[in-house]
Amino acid sequence: MTLPLTSGFRFASPLWLAALLLPLLVAWLRRRRPHTVSVVPYAGAWHRPSALGGSRLPVALGSAALVLAALALARPQLTARHLDTRHAGYDIMLCVDLSSSMLSEDYVRDGRRLNRLDAVRPVIQAFIEQRPDDRVGVVLFSAKAYTLSPPTLDHAWLAAQLARVRVGLIEDGTAIGDGLGVALSRLEQAGQDPSARRRGAFIVLLTDGANNCGSLAPMQAAAIARARGIPIYTIGAGKGGIVTVPVYFDGREVSERHEVSDLDENALREIADATGGKFYRADATGTIESAFASIDQSQKIEISARRIVTATDVFAWPAGLACGLLTWAAIAAIL
């Protein structure tokens with residue numbers, strides 16, 4: 001992408017500007033040359049010469065032509081400076097758990113309890129907004145895995161889709177392996193786009209449980225990711241121990257139940273280590289934000305930029321005027 005910066009003017013061969021001193025030097029030498037003068041009384045009252053008399057006009061025109069010729073030889077140019085930036089973004093798949101345990105209200109923001117999905121949603125959206133040059137896609141999974149969006153640069157549309165995500169859209173369960181498998185297939189399809197200049201790809205997996213269903217084991221998915229050179233960053237959401245999960249009926253909370261958090265940290269660490277990613281424990285709103293900030297820094301785009309200066313020669317204008325003035329001076333000298 002090329003961005004305009006400034007425009008200006010310059011001489012490509014400025015040493016020729018020294019020729020501008022020649023008319024002054026000639027005039028100075030003529031003044032110093034001695035002359036024999038005959039004085040006739042009252043002759044000055046007979047004649048009032050104009051500023052450019054017949055003998056002076058060719059000299060004046062020739063001097064102006066010399067100045068213009070010196071300017072033309074100095075090669076005046078109009079310049080424009082541009083900043084040429086070249087960079088390629090990442091393809092990113094966010095793999096988000098939508099199992100019923102994501103309704104556990106063990107996060108607090110501004111003194112208000114939040115469930116795990118509501119706590120992580122704005123952090124995900126902020127992460128997407130901070131990477132405008134990356135194509136980002138989302139896979140949702142519980143007992144099955146579905147693509148909310150393939151990798152896209154339309155982040156505003158993606159944010160609108162994320163705002164509509166709710167727990168209960170998919171049959172309950174935790175199929176981590178299937179979620180990673182769908183994410184990997186989407187990245188493979190995105191990588192086949194010949195028009196996209198990509199620097200690489202990675203997956204961010206966010207879950208609060210352990211794999212308990214699905215056709216693909218998490219470590220099988222990790223092996224595929226490792227073979228393709230795709231790191232997986234894993235985030236374990238929620239607090240450990242006993243958590244409170246609200247129970248809804250007909251869209252309203254009617255009661256709550258208590259259950260033990262079943263996050264499998266060891267499995268998430270193994271997935272991250274096997275693929276070159278990193279595991280993060282996000283048991284508070286602050287740690288969720290720091291996890292995504294760390295991922296953002298570790299997979300940041302380095303933009304290469306160079307300054308380009310384009311120049312347009314305009315010496316033809318003073319050169320043409322100089323030729324015209326020399327022609328005029330020659331005619332005036334003859335006449």
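**Exercise 1.** Which residues in H6 meet which residues in H7? Work out how the two helices are set against each other.

*Solution.* The model is predicted: local features need pLDDT of at least 70, side-chain atom pairs count only at pLDDT 80 or more, and totals for chains, interfaces and linings use all residues. Residues are numbered from 1 along each chain as its sequence is written, and side-chain values use heavy atoms, with hydrogens and water left out.

Step 1. Locate the helices, which are DSSP runs (H or I, at least four residues) numbered from the N terminus: helix H6 covers residues 218–228 and helix H7 residues 265–275.

Step 2. List the contacts (heavy atoms within 4.5 Å). From H6, Pro 218, Met 219, Ala 222, Ala 225 and Arg 226 meet Glu 270, Ile 271, Ala 274 and Thr 275 of H7. These residues divide into six nonpolar, one polar and two charged. Ala, Val, Leu, Ile, Met, Phe, Trp, Tyr, Cys and Pro count as nonpolar, Asp, Glu, Lys and Arg as charged, and the others, Gly among them, as polar.

Step 3. Take the axes (lines fitted to C-alpha atoms over the stretch in contact, with angles from 0 to 180 degrees between N-to-C directions). They come within 9 Å and cross at roughly 15 degrees. H6 and H7 are therefore roughly parallel (angles under 35 degrees).

**Exercise 2.** Which residues line the largest cavity?

*Solution.* Step 1. A cavity is a set of points on a 1 Å grid over the protein atoms alone where a 1.4 Å probe fits but cannot get out; lining residues have an atom within 4 Å of a point.

Step 2. The lining consists of Val 96, Leu 117, Val 120, Arg 121, Ile 124, Leu 140, Leu 162 and Val 165.

Step 3. By class, seven are nonpolar, none polar and one charged. Helix H3 (residues 116–129) gives the largest share, four residues.

Key
On a 1 Å grid over the protein atoms alone, a cavity is a set of points where a 1.4 Å probe fits but cannot get out, and a pocket is an open set with protein on both sides within 12 Å along at least five of seven lines; lining residues have an atom within 4 Å of a point. Angles under 35 degrees count as roughly parallel, over 145 as roughly antiparallel, 65 to 115 as roughly perpendicular and the rest as oblique.
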